[in-house]
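Let's take a walk through this one, chain by chain. Have the sequence and the model open as you read.

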Amino acid sequence: MKINKGQSILLAVMVLILGASGACKASIDKSDVRNLSWAEIEAKAKGTTVTWAMWGGDDRINTWVDTVVATRLKKDYGVDLLRIPMDASVFVSKVSNEKSANKEQGSLDLLWINGENFRRAKSEGLLLGPISDKLPNMALVNPQDVVYDFGTLVEGYEVPYGRAQFVFEYDSAKIPSPPRNFVELKAWIIAHPGRFTYPEASDFTGSAFIRQVFYASSGGQANYIKPFDQDEFAVDSAPLWAWLKDVRPYLWQKGTTYPSDKAKLDTLFERGEVDFNMSYSQGGAQGLIHAGRYPATVRTLVMERQSLGNIHYTAVPFNSPNPAGALILANLLLDPAIQASKNDPLNWGDFTVLDTSKLKGQDKASFESLDLGPATLPLQVLAANMVPEISSSYVEALENKWERHVLTDSP
Amino acid sequence: MIKKTLLFGFLAIVFVVPVGLLGLQSLAGSWSYPDLLPSVLTMDYWGRLVSRNNLLIPLLSSFLYSLGAVLLSLVLTLPAAASLARDRIPARDLWELLLLTPAVIPAVTTALGNHYWLSRLSLTDTPGLIVVMLCFYSYPYLLRSLTWGYRLLGPELGAAARNLGAGPVRVFLQIELPLLWPAIFSGSSIVFLAAFSDYFLVSLFGGGVVPSFATVIVPALASSQRSWASVLALVFLLFPLIVFAGLDLVLNKWQRRRSLT
Amino acid sequence: MGAPRSHRFPVALLPLLVFAGVLTLAGILPSLVGSLEGWGELAADPRFLSSFAFSLWVATVSSLGATIAGLLLSLAIYNLKGAQRVFAQVYRIPLILPHLTVAFLTLLIWTPSGFLASGLHSLGLLDDPQILGPVLYSGWGWGIILTYLLKETPFIMVLVLASLGQMDSQLVLAARNLGAGRWQIFRQVFWPQCFGSLQTGFIIIFLYSLGAYEVPFLVGESYPPMVSIQLYGSLFKQDPSQRAKALAFLIVIFVFSLVFLYAYFRASKKAQNQEDT
């Protein structure tokens, strides 16, 4: 019995479709977008689509990007925005694979990135750059702010996007006098078994929590400006593992399991299964109160002089199919109106990376008139307790060792 | 009588109540312990379905690549199933087993390796590849169904028709296809469902770039937004249901018109 | 498609064979090559062994459970008639529910702040909902097991009911008339009829639950991770130094599955031969 003619034709059509969809990409444009003037970049980007890969774990951020940013991008520049939810570590691996495969045209145009993911991307040559000098809105940023990203020199390979700071969220009606530092936190956890937990170290927020305990348990962040050394780290991190193991039996589920990401911790907090949430978004809690997900009595707090603050960025992969569009978007994200909208707790609550002293008139007023709400801490309090991030080598070491020491119980 | 009541009670609780829960959750404005029923009911989340216009493309994309997987599977398995049912093949059972392995051996073992060389050939992140991969990992269900169908069918009718002068295409379309239809339909439904519901393979080979409804709903399912997730889960369920029901109706009509009886 | 022919090997099988063969071999070869340096590291790393042992536990419990439950439920409903028969069809509902959705349902129902907790509380049976905590968080994978149980039991039932449907109903009557007890009827009439489909069903759901990704992703605990989560995390989320080890682990799972499948094949051939004699 043979395949008859009809089936052969169908098979051939299938093969053609497969081949065609693989080959059906716009021809690769070899001209380097960095050599163009801004007006030329705008013209080139018009009518195109920009694909932006970003962490998709917060639906409010997703909605803000899909509505506010996308609308403005289309209106002012004629560019369509396609948002792809993807963890930073996943898209860095993806672009890294594409680089080893010499894939000259990838599928992502802009990446939301910082920290150890930026370090890996920059060191492997995965990013187009330097690019930030091309963007008009960079004039509104204080250059001193964007020299280092978790200890790696930025050198214009990524464009600032926002300013995050780590806060804890809790219900002030349930906890009228919450812990102020990690010593008090430990005592609180032990006194309230099962009511506290943190995401796994592989999650961005969980990793940040562990870093702060690291600082607090070993003399503070200032000790870690030195370059990473494996042996010194083993000594320095011992108090951290001790702290985490001491509180472990009093954590949620007796510390045998942890929420695998921030979204799962959000669920526990919102459903009342734990009493603390944590977030890099200073103004997010206020927004969640407004959205009806948090009771109105929720407040944020920072641990005394141990609150991690960082700037997060956007970057363009080396094989972006639409680098002109990517630059337009990166620049738009620095627009004062967009930054103010982002800063508004009703949308997101992430603080601005712009130097407000460089703003005038309406732009400046839009920041001053922001109502950050009672749940957001005053700017002075946030600034007074902020500590910068350390070299991302520490970050990786902490993430790798957490599983071994805390999750699986090696000494 | 008691036994029967217990039995039906058990069936209802285990198989029906969960889906009812999903429906109830989708209408819940606020529902937490210890309330047995939501304290606030709302149509807001269903309304969001209408206002969020970025769901249509993933839904359509999932439908199309699942359909593609079914068509490709049909093309590949129809001849093979006929052969397995009728021809004398040395070590036939072993070949049948081998052909069934892609759906049985955990997909993750071969998918990661396939992703490696396919990405180096720049074939990943395309809908065509997703069709091929979904077909590869689920065609065995169709193969089993068709083999069974062909075995039931037997070669006599086809042989008789050929003796009367009918060409192979006519024999297939007018004699065998109508009788094979139940096997084709049930096998194809499984392939379609497996493809439509798939998250791992689609996000691996599509790189997050090829739109997929499964990829859209996973972050929602893992989030604290249970009501919105329930709405999405119900759409995820209703869509294939409607497809099957519609298809069944249409093809039963076609079947009746062309039936031998 | 016509009269059977005795070719040495039919051409019609070739397209499918080539398609499946190429993708299987090409799927395993890169991992084999990449794993070469990882075998030593794999032996030294206890996490992979824990992951494998845990996955075997989850797969075994959920598959055995689904098989037994599926068999019992099938026996209970196979000769229902009329309206009762129609109602009993509800068992098919989980068949069309995607695994992701069933995992989500497990969360809705079994989390300490979920539906079951509320239900038991309303009945006055529950004070502290945290009693339900161990269901999803004990480290024994009950969340995953419960999800697979709901999803796979109907699958087994479809296979078993198909077998039972082909059985001559007179056999049961005859056996009863001859004074056979219930266990004897089961052993001599039902079991031989269903055994083949039970075996087939079991192996399919066992290997599926061993290696699938979607369900553990939604309802799995931090530790130990199921095989698929461990592999995906090692290969996509961690630095490249973990690759060789992870690929070696992948090969182990692949070989195990092949061996398991072949063992089943031999066992079922043996059973078939015994039946024929």
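How many residues of chain C are in contact with chain B, and how many of chain B with chain C? The count is 84 residues of chain C and 82 residues of chain B, where contact means heavy atoms within 4.5 Å.

A few ground rules before going on. This is a predicted model, in which local features need pLDDT of at least 70, side-chain atom pairs count only at pLDDT 80 or more, and totals for chains, interfaces and linings use all residues. Residues are numbered from 1 along each chain as its sequence is written, chains are lettered from A and ligands numbered from 1 in the order in which they are written, and side-chain values use heavy atoms, with hydrogens and water left out.

**The C/B interface**

Putting chains C and B together buries about 7,300 Å², with 79% of that from carbon and sulfur atoms; buried area here is the accessible area (1.4 Å probe) that two parts lose on being put together, summed over both. As for salt bridges between chain C and chain B, the count is 0, taking a salt bridge as a side-chain nitrogen of Lys or Arg within 4 Å of a carboxyl oxygen of Asp or Glu.

**Chain C by itself**

Chain C has 14 helices and 0 strands, going by DSSP runs (H or I of at least four residues for helices, E of at least two for strands), numbered from the N terminus. Its C-alpha trace spans about 70 × 70 × 35 Å along the principal axes. Of the 277 residues in chain C, 53% are buried, meaning under 20% relative accessible area with a 1.4 Å probe and protein chains only. Among chain C contacts between residues at least 6 apart in sequence, 78% join residues at least 24 apart.

| Residue | Place in chain A | Relative accessible area |

Who sits around them? Skipping residues up to four places away in sequence, Thr376(A) touches Gln282(A), Gly283(A), Gln286(A), Thr300(A), Pro345(A) and Phe351(A). With the neighbours within four places set aside as well, Asn331(A) is in contact with Trp38(A), Tyr77(A), Leu135(A), Pro136(A) and Asn137(A). Pro178(A) is 153 residues from Asn331(A) along the chain, and their C-alpha atoms are separated by 40 Å.

How values were computed
Buried means under 20% relative accessible area, exposed over 50%, partly exposed in between (1.4 Å probe, protein chains only).
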